[in-house]
Amino acid sequence: MKKNTLALTLGLSATALAAILVLPAIAQESLLPEGFGTPADTPAPKSSPTPSPSPTATPTPGSAPTNGAVPPPVTPTLDTTTVGAADEEDEEEVESGGLKYDLPPGARRLLTRIGPLTPETGGLAPDAFGVRGQYAAAIMRKTSGQFASRWGQILLRRALASAIDTPSTINGADLAAERASLLLRMGESITARRIVQSVDYDRASPRLVAAAQQVYLANADPAGMCPYVPAGLAHGDEQAWRLSAAICAGLSGEAGPAGWAVSRVRSSGRISNFDILLAERVLGATGAGRRSTTIEWDNIDRLTSWRFGMATATAIEVPEALRTSAPYYMKGWAVLAPMTGMANRVTAAPEAAARGVLSSDAYVSLLSAAASEEEPAEALAAQTDQLRGAFSLATGAERYAAMEQLWGAGGSAAQSYAAMVATARAAAALSPSTDTGGDPWQLLGSMLAGGYDANALAWVPTVSVGSRAWGVLAVGSPRALSGMSAGAVERFSDDDDSADTLRSKFLLAGLAGLGRLDANAAASAAGDLGVDLGRQTRWSRAIMAAAERREPGMVALLAATGMQGEWSKVPPYHLYYIVRALREVGLPSEARMIAAEALVRV
């Protein structure tokens, strides 16, 4: 076969957003914590019929725009309209996307181990998810992707991106699809693409083909969908895949078949004209379509993955109202998409940093790049000036004052925590001899947001037992503090101004989970605070069973399901089991960071 290499360089980006979201509920009782059994209703493809890896699995596509929405996946009857001989030839060309792909035998990969990260490159061990593949996939399907903990998201991203062995109970491509889909719901479009690209396109299952379409839309990379077009046309949303086929034909220089396919989709009336115009705009960028296509957002009430991907690929400005009302995960995709306007990326960046999509260094780099543009926004210029001062002012007191200004700048809770993420390295560089003028809990929280636990430990002599800073260090430091007792926890709770003393309950949960408080002291403190850390539920039994089986990937997944939503909604006993399970599977650092984050953010 002839081999063609695609590079979308005509104004099209290579990174953006998509959403392949929550799949139908599993038949058995939900393993998720109370209140998390019904995630947002977002369409997703049906499961692959075969449980074993197949080298030639025939895929089915995911969702695509129909009348302005992303329809649920179906298996429609192929169009049997009679066409002339010339049209049949054009249709064959369009249905292959005008492109041919071939993988040499030496480049082909097995489905027995899938993922880009190895233990040597920061990933978990190949057996991290154990041997129950359908069980893991079901939990992934039921997980929303919106977590209270930044560190919980970072750990789950690492687990999902690891090169894990495929259990015998599931098709490896199906499990890869669930991993990629969950990553998209987390806002992690780039990592989701790495998972999809870990499976050869001709070994993709129906579920993975559907996920691939959404992943490449999320990354504003229409060309990435091209290898999956034949399978999508054969088994998926025919009209949506015809539009994708038209784009791929245009990328290969076949203007005739591309235009024919677009006309056929338009005449079907099954996809809104607005979404067809977006496809034509992409074709115009390739030189195979109308270059003067005008995109008007009037009467468009929501941003779908198709609209985001196509608009971002061609640098079409999305109205602010649609960006603001877009699902939370799309804001992560927007930050990661290079073709998104810098102002829009900066607007979405605080939430992405607070959730863990952006690291501290990446967030600072983005702000610096935005501030270096000509005539940056006044608010951005002021923010970056303060951030620069936090790193470079002459004295520690001045640098600390600059950090305090950033932390107290107002706005949402996510923006406040994002400011702490941004100052993590500056906070870690501050000497413990610096006069902070009070309780430096924000300073310590900033360090731990970036993982600088050794630097935070140096501040132990400067904090008072029972203070908020002491509580953050009690669970976040690399070693246990001396003098830990039920009385110390009581002193902490005396000054606790959180609702229902939730902060004190989180402190107790973290200390007990880390084994830094003996059983008698923990029981005494629990009685004083009126909290039952030993409560048993289906979820608690599941995460502890995974810990006993030494499955860190499964523990990370179940930990994330136990922290869905906001910290105010996370029961203290969830944090106890999460910290304990992570410690038991060899992830004590992550356990400490999650516990410390809880004390900082409530």
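Colleague: What makes the link of Cys226 and Cys248 left-handed?

Modeller: The angle about the S-S bond is -95°, and with that value the link of Cys226 and Cys248 is left-handed. This is a predicted model, where local features need pLDDT of at least 70 and side-chain atom pairs count only at pLDDT 80 or more, while totals for chains, interfaces and linings use all residues. Residues are numbered from 1 along each chain as its sequence is written, and side-chain values use heavy atoms, with hydrogens and water left out.

Colleague: Why is the pair Cys226 and Cys248 called a disulfide?

Modeller: A disulfide is a pair of cysteine sulfur atoms within 2.5 Å. From S to S, Cys226 and Cys248 are 2.0 Å apart, so the pair meets the cut-off. The structure holds one disulfide.

Colleague: Which parts does the pair of Cys226 and Cys248 tie together?

Modeller: Cys226 is in the loop between helix H6 (206-218) and helix H7 (229-235), and Cys248 is in helix H8 (residues 238-251), so the parts tied together are 22 residues apart in sequence. Helices (H or I, at least four residues) and strands (E, at least two) are DSSP runs, numbered from the N terminus. The protein chain has 29 helices and two strands.

Colleague: How do you know whether Cys226 is buried or exposed?

Modeller: Buried means under 20% relative accessible area, exposed over 50%, and partly exposed in between (1.4 Å probe, protein chains only). Cys226 has 0% relative accessibility, so Cys226 counts as buried. Cys248 also has 0%, and therefore counts as buried. Of the 602 residues of the protein chain, 59% count as buried.

Colleague: What makes a space a pocket?

Modeller: On a 1 Å grid over the protein atoms alone, a pocket is an open set of points with protein on both sides within 12 Å along at least five of seven lines, whereas in a cavity a 1.4 Å probe fits but cannot get out. Lining residues have an atom within 4 Å of a point. The volume is the space filled by probe spheres set on the points, which are joined across faces, edges and corners. For the largest pocket, the volume is about 960 Å³.

Colleague: Which residues of the lining are closest to the centre of the largest pocket?

Modeller: Of the 45 lining residues, those are Lys331, Ala348, Pro350, Glu351 and Ala414. Among the elements that give two or more residues to this lining are helix H14 (342-355) and helix H18 (413-422). H14 gives the most, with seven residues.
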